[in-house]
Amino acid sequence: MNPRKRKKISVNTEKNLNLFVIGGASGITGTACYIASIAIPLNQISLYVLAMTWPILSIIFVYSIYRYIAIEKQTAANQL
């Protein structure tokens, strides 16, 4: 039997770099939205919008971290 050859994925592809830049920016923006919704007294609608953007941006941030780790460390757990 031939062992399966794993395809090496590069971090430096344009698609991956865009994901990492967008993921980092969404992490910073999400944290800023969270802190602003707590610290700055605004009207109720603005606070709601700021509070609801934090989880969405955090999901994007966590997904980019997940993809980065999956690319850097090729393990069985990343092959789901």
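Colleague: Where is Asn 18 found?

Modeller: Asn 18 is found in helix 1, and since this is a predicted model, that placement, like the values below, is computed from predicted coordinates.

Colleague: Is Asn 18 buried, partly exposed or exposed?

Modeller: Asn 18 counts as partly exposed, with a relative accessibility of 39%.

Colleague: And how far is Asn 18 from Ser 64, going by the C-alpha atoms?

Modeller: The C-alpha atoms of the two residues are separated by 9.8 Å, although Asn 18 and Ser 64 stand 46 residues apart along the chain.

Colleague: Which helix holds Ser 64, and what does Ser 64 touch beyond its neighbours in sequence?

Modeller: Ser 64 has its place in helix 2, which covers residues 44-72. Once neighbours within four places in sequence are set aside, Ser 64 is in contact with Leu 19, Phe 20 and Gly 23.

Colleague: Why does Ser 64 count as buried?

Modeller: Ser 64 counts as buried because its relative accessible area is 4%, and the cut-off for that class is under 20%.

Colleague: Let's step back to the whole protein. How many helices and strands are there?

Modeller: The protein has two helices and zero strands. Of its 80 residues, buried ones make up 20%, and the accessible surface comes to about 6,600 Å², with 68% of that belonging to carbon and sulfur atoms.

Colleague: What share of the contacts join residues at least 24 apart?

Modeller: That share is 63%, taken among contacts between residues at least 6 apart in sequence.

Colleague: How do the axes of helix 1 and helix 2 cross, and is the crossing left-handed or right-handed?

Modeller: The axis of helix 1, which spans residues 14-39, comes within 7 Å of the axis of helix 2, and the two cross at roughly 145°. The crossing is left-handed, and the residues of this contact divide into 16 nonpolar, eleven polar and one charged.

Colleague: What about the aromatics, how many pairs does a search of the whole structure find?

Modeller: The search finds three aromatic pairs.

Colleague: Which classes do Phe 20 and Tyr 68 fall into for accessibility?

Modeller: Phe 20 counts as buried at 18% relative accessibility, whereas Tyr 68 is partly exposed, with a relative accessible area of 40%.

Colleague: What is the geometry of the pair formed by Tyr 63 and Tyr 66?

Modeller: Tyr 63 and Tyr 66 form a tilted pair, at 6.4 Å centre to centre and 40° between the planes. Both residues lie in helix 2, three residues apart, which is about one turn of the helix. Tyr 63 counts as partly exposed at 45% relative accessibility, and Tyr 66 is also partly exposed, with a relative accessible area of 37%.

Colleague: Last topic, the loop. Where does Leu 42 lie, and what does Leu 42 touch?

Modeller: Leu 42 lies in the loop between helix 1 and helix 2. Not counting residues up to four places away in sequence, Leu 42 touches Leu 47 and Leu 50, and at 39% relative accessibility Leu 42 counts as partly exposed.

Definitions and conventions. Residues are numbered from 1 along each chain as its sequence is written. This is a predicted model: local features need pLDDT of at least 70, side-chain atom pairs count only at pLDDT 80 or more; totals for chains, interfaces and linings use all residues. Side-chain values use heavy atoms; hydrogens and water are left out. Helices (H or I, at least four residues) and strands (E, at least two) are DSSP runs, numbered from the N terminus. Buried means under 20% relative accessible area, exposed over 50%, partly exposed in between (1.4 Å probe, protein chains only). Contact means heavy atoms within 4.5 Å. Axes are lines fitted to C-alpha atoms, for helices over the stretch in contact, and angles run from 0 to 180 degrees between N-to-C directions. A crossing is left-handed if the near helix is turned anticlockwise from the far one by less than a right angle, and right-handed if clockwise. Ala, Val, Leu, Ile, Met, Phe, Trp, Tyr, Cys and Pro count as nonpolar, Asp, Glu, Lys and Arg as charged, and the others, Gly among them, as polar. Accessible areas come from the Shrake-Rupley method with a 1.4 Å probe; for residues, only the protein chains shown count as cover. Rings of Phe, Tyr and Trp (its six-membered ring) pair if their centres lie within 6.5 Å; planes under 30 degrees apart count as stacked, over 60 as edge-to-face and the rest as tilted.
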